[in-house]
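Visitor: I would like to learn how to read a predicted protein model. Please take me through it one feature at a time.

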Amino acid sequence: MTIRVLIADDQMMVREGFSVLLGAMPDIEVVGEAVNGRDAVDRVRELSPDVVLMDIRMPELNGIEATREIVAADGGAKVLVLTTFDLDEYVYQALRAGASGFLLKDASARQLADGVRVVAAGEALLAPSITKRLITEFSKLADTPRPSAAAQLAYGELTERETEVLVLIAQGLSNAEIAERLVVAESTIKTHVSRVLVKLGLRDRTQAAVFAYEARLVTPG
């Protein structure tokens, strides 16, 4: 199945470069480009892409607010944030807004394509070690938001095993690695992950990791 991608960046060279790189992939189709956040929201509504490559710093509407609007529209598009620095505080805000992961702008063609595929599949955190480090860093801040009362109530409905799986997701483990750790079948872990997402009302594993850190289920460090 072809993955439909929208590229949102205010720099034409970046848009064209990513478009060429992704367009060379047999399983990826670049269906459009957006020059700012507002344009990105409108283009998502028009084109219904599977993945949006979203720059954070854009005019009219920044990538964080654009991500929040796209996710709230619940059209199925997943956002992959583009950033120059892997510890950019705005990336954390984008993850909280609903982004499914992030990618450095100097990523290779292979990393770019693999990142799009991973986010489209929704099966694993993008670049687990980097994403975990970023979330961990900002979860140390005193003003880190806590989950809403409704989310905390939903957390109380998780079983002991589901809570265990949630913590391991936040630690950056894949389904296969979690299955090995808990000595169960990978299909069993997939079921647990699905139930965790449904119970907590989360879109994907990245949001589950953010929830776990904000709920202090994982100790920063």
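Guide: Start with strand 3 (residues 51-55), which is largely enclosed by the rest of the structure because five of its five residues are buried. Buried means under 20% relative accessible area, exposed means over 50%, and partly exposed is in between (1.4 Å probe, protein chains only). Helices (H or I, at least four residues) and strands (E, at least two) are DSSP runs, numbered from the N terminus. This is a predicted model, in which local features need pLDDT of at least 70 and side-chain atom pairs count only at pLDDT 80 or more, while totals for chains, interfaces and linings use all residues. Residues are numbered from 1 along each chain as its sequence is written, and side-chain values use heavy atoms, with hydrogens and water left out.

Visitor: Which residues of strand 3 lie on one side and which on the other?

Guide: In a regular strand the side chains alternate between the two faces of the sheet. In strand 3, Val 51, Leu 53 and Asp 55 are on one side, Val 52 and Met 54 are on the other, and all are buried.

Visitor: What does UniProt place at Asp 55?

Guide: The UniProt record, an unreviewed entry, has the feature "modified residue: 4-aspartylphosphate" at Asp 55. UniProt positions are given in the numbering used here, feature names are shortened, and annotations may be inferred rather than shown by experiment. In the model, Asp 55 sits in strand 3 and counts as buried because its relative accessibility is 7%.

Visitor: How many bridges join strand 3 to strand 4?

Guide: Two strands pair if DSSP finds at least two bridges between them. Strand 3 and strand 4 (residues 78-83) run parallel and are joined by five bridges; Val 51 stands opposite Lys 78 there. Strand 3 is also parallel to strand 1 (residues 3-8), with four bridges, and Ile 7 stands opposite Leu 53.

Visitor: Are strand 1 and strand 4 mostly covered or mostly uncovered?

Guide: Strand 1 is mostly covered, with five of its six residues buried. Strand 4 is mostly covered too, with six of its six residues buried. From strand 4, Lys 78, Leu 80 and Leu 82 point one way, Val 79, Val 81 and Thr 83 point the other way, and all are buried.

Visitor: Where is Ser 48 found, and what is its phi?

Guide: Ser 48 is in the loop between helix 2 (37-47) and strand 3. Its phi is near 50 degrees, a positive value in a residue other than glycine. Ser 48 has a relative accessible area of 48%, so it is partly exposed. Glu 60 lies in the loop between strand 3 and helix 3 (63-73), with phi near 70 degrees, also a positive value in a residue other than glycine. Glu 60 is exposed because its relative accessible area is 69%.

Visitor: Which side chain of opposite charge is nearest to Arg 205?

Guide: Lys and Arg count as positive and Asp and Glu as negative; His and the chain ends are not counted. A salt bridge is a side-chain nitrogen of Lys or Arg within 4 Å of a carboxyl oxygen of Asp or Glu. Arg 205, in helix 11 (residues 205-214), is buried yet has no salt bridge, and the nearest side chain of opposite charge, Glu 177, is 7.1 Å away. A polar atom of the Arg 205 side chain lies 2.8 Å from the backbone oxygen of Leu 173.

How values were computed: Polar contact = N/O pair within 3.5 Å; in protein donor to acceptor, adjacent residues only side chain to side chain.
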